[in-house]
Amino acid sequence: MTLHDRYQAWQANVENAVAKRAERKSEFVNHSDVPVERLYVPTAAVTDEDFYIEQLGFPGEFPYTRGIQPTMYRGRYWTMRQYAGFGSAEETNARFRYLLSQGQTGLSTAFDLPTQIGYDADDPFARGEVGKVGVSISSRLDMETLFHKIPLDQVSTSMTINAPASVLLAMYLVVAESQGVPWTRVNGTVQNDILKEYVARGTYIFPPKPSMRLITDIFDFCARDVPNWNTISISGYHIREAGSTAVQEVAFTLSNAIAYVQSAVDGGLAVDDFAPRLSFFFNAHNDFFEEIAKFRAARRMWAHIMKERFGAKNPRSMQLRFHTQTGGSTLTAQQPDNNIVRVTLQALAAVLGGTQSLHTNSRDEALALPTEDSARIALRTQQIIAYESGVADTVDPLGGSYYVESLTTAMEERAWKYIDYIDQLGGAVAAIEQGYMQQEIHKAAYDLQRAIERGDEVVVGVNKFKVDHEVEPELLRVNPRLGEEQARRLAKLREDRSAAECTAALEKLRSAAGESTNLMPYIIDAVRKYATIGEVSNVLRSVFGEYRPPIF
């Protein structure tokens, strides 16, 4: 009896079983609306040798579906990069050093909202927000404090900063200088992804055109002077946090990436000169297999985009390197210890999906910034997966799974449809200006919320398996007087620095911003002269203007 005959016979048995006891749902689909079949069996595509070579390949080889390195975690584990930042630079420095002492292998910096939108801590717009959702950084002195006793040639640092990314990168490089570390030995990532800010997050400053210029300036500058720096982390994370599906996360992220590469190429950069330092940032949610398939599909798609659309020749230009953060929007304030389990599943999906770097959220992040104990448990989650589970001992262990391969292909096909439509609209920038991405995300978020409210989508501890009395955990509280303390520090900085030198550097930056020259050297010089983030951003505001979102 052939496999087909055996399968048909099994189907008949299943129908008899279902007639006696119905399945839990009349139709099974994942959050990306991909049907989930009852059983996956070998197909001609999955078992065909040509399909394997063209669509899967071997790890470290095009199209990188099975991973970008030949041995993956058998060589070394992913970077365990816990996101941290709150209050003052001193407090965050203490948290950084604690996490490093606990086995963390990379730093990831959260900045407060004033820093993210280019305001000093003493600006009236910053009142009440200083240090609340990240560390407050106004000048190079704050940055020096943030990395006190942390050698920048021995640690990789990621900075979640976008509109003023060039200013924070400049501060980091000046701190490296002060430590005697040459820029060629500085390693890390700056997020620097402004398009998703217009779509999903909102911490923008300038309109799209000058923002794209600043991004391309970082590409160009780092390719020449900071060769080990990842010049952008193209982020699907925040798109997913805003409510997108997994397919939309991949499609919109890769569309934004296409826009960045095209902008750099149009600016005269050779693709293989900057593309090897592009990196990505994805979310990991609860649907275990959907997330694994998403990562594999994104890798394969990016390889084809770079090779076929942009003519990249360097294999590193085609490799989608990505950081993953577990899903903040999936965490619940109710029964927060349940979040430890959610994060474990999400982290395991990221590892099985081939991530290069991982942050695991803490159990209390639906309520406040994580306490030290919660941050340690989150880090231990990664370490247990790495050292105790065995999943890192072979490459792409779910590769060849009938379900995973089918789902990878299905998600890729749906993502290509989005990308093709965005191309028809004129590309990512045009799609954002027309509100297309925003509306698609809003619809997906609305549909999911309605499903939760109907009870079709179960959130344990929220709409099912609730408890009568919640126990309030110990929470981290930021010093409410921090804004006043930061303002005093800034007043002293302005008193001690050479006002003439700082003003001259800012005026040179203003003149350069009105021309087509690369702005990074001018921003670095201003930071060296102790110009603050607000002063640099205000100079650029005076030339570029500020973005005002359209009303759709």
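Biologist: What makes Glu412 and Arg300 a salt bridge?
Modeller: In this predicted model, the closest N and O atoms of Glu412 and Arg300 are 2.8 Å apart. The cut-off is a Lys or Arg side-chain nitrogen within 4 Å of a carboxyl oxygen of Asp or Glu, so the pair is called a salt bridge.

Biologist: Which parts does that pair tie together?
Modeller: Glu412 lies in helix α17 and Arg300 in helix α13, so the parts tied together are 112 residues apart in sequence. Both Glu412 and Arg300 are buried.

Biologist: What makes Arg296 and Asp396 a salt bridge?
Modeller: The closest N and O atoms of Arg296 and Asp396 are 3.0 Å apart. The limit is 4 Å, so this pair also counts as a salt bridge. Arg296 lies in helix α13 (residues 288-309), and Asp396 lies in the loop between α16 (372-388) and α17 (402-425). The pair therefore links parts that are 100 residues apart in sequence.

Biologist: How do you know whether Arg296 is buried or exposed?
Modeller: The relative accessibility of Arg296 is 0%. Buried means under 20%, so Arg296 counts as buried. Asp396, at 8%, counts as buried by that cut-off.

Biologist: Why are Arg481 and Glu484 called partly exposed?
Modeller: Partly exposed covers the range between the buried limit of 20% and the exposed limit of 50%. Arg481 has 49% relative accessibility, so Arg481 counts as partly exposed. Glu484 has 37%, so Glu484 counts as partly exposed too. The two residues form a salt bridge, with their closest N and O atoms 2.8 Å apart.

Biologist: What makes Asp120, Asp122, Arg494, Arg497 and Glu535 one network?
Modeller: These residues are joined by salt bridges that share partners. In total, the structure holds 34 salt bridges.

Biologist: Why is Ala163 called buried?
Modeller: Ala163 has a relative accessible area of 10%. The limit for buried is under 20%, so Ala163 is buried. Ala163 lies in the loop between β4 and α7. Leaving out residues up to four places away in sequence, Ala163 touches Gln116, Ile194, Thr203, Tyr204, Ile205, Phe206 and Leu214.

Biologist: How far apart are Ala163 and Tyr204 in sequence and in space?
Modeller: Ala163 and Tyr204 are 41 residues apart in sequence, and 5.3 Å apart in space from C-alpha to C-alpha.

Biologist: What makes β4 and β5 a pair of strands?
Modeller: Strand β4 (residues 157-160) and strand β5 (residues 188-190) are joined over three bridges in the parallel sense. At least two bridges are needed, so β4 and β5 pair. Met159 stands opposite Val190 in β5. Helix α7 (residues 165-178) packs on the sheet and touches β4, β5 and β6. The direction of α7 makes about 150° with that of β4.

Biologist: What is the order of strands in the sheet, and which are the edge strands?
Modeller: The sheet is open and has five strands in the order β2-β3-β4-β5-β6, with parallel pairing. The edge strands are β2 (83-84) and β6 (229-230), each pairing on one side only.

Technical notes: Residues are numbered from 1 along each chain as its sequence is written. This is a predicted model: local features need pLDDT of at least 70, side-chain atom pairs count only at pLDDT 80 or more; totals for chains, interfaces and linings use all residues. Side-chain values use heavy atoms; hydrogens and water are left out. Helices (H or I, at least four residues) and strands (E, at least two) are DSSP runs, numbered from the N terminus. Contact means heavy atoms within 4.5 Å. Axes are lines fitted to C-alpha atoms, for helices over the stretch in contact, and angles run from 0 to 180 degrees between N-to-C directions. Buried means under 20% relative accessible area, exposed over 50%, partly exposed in between (1.4 Å probe, protein chains only).
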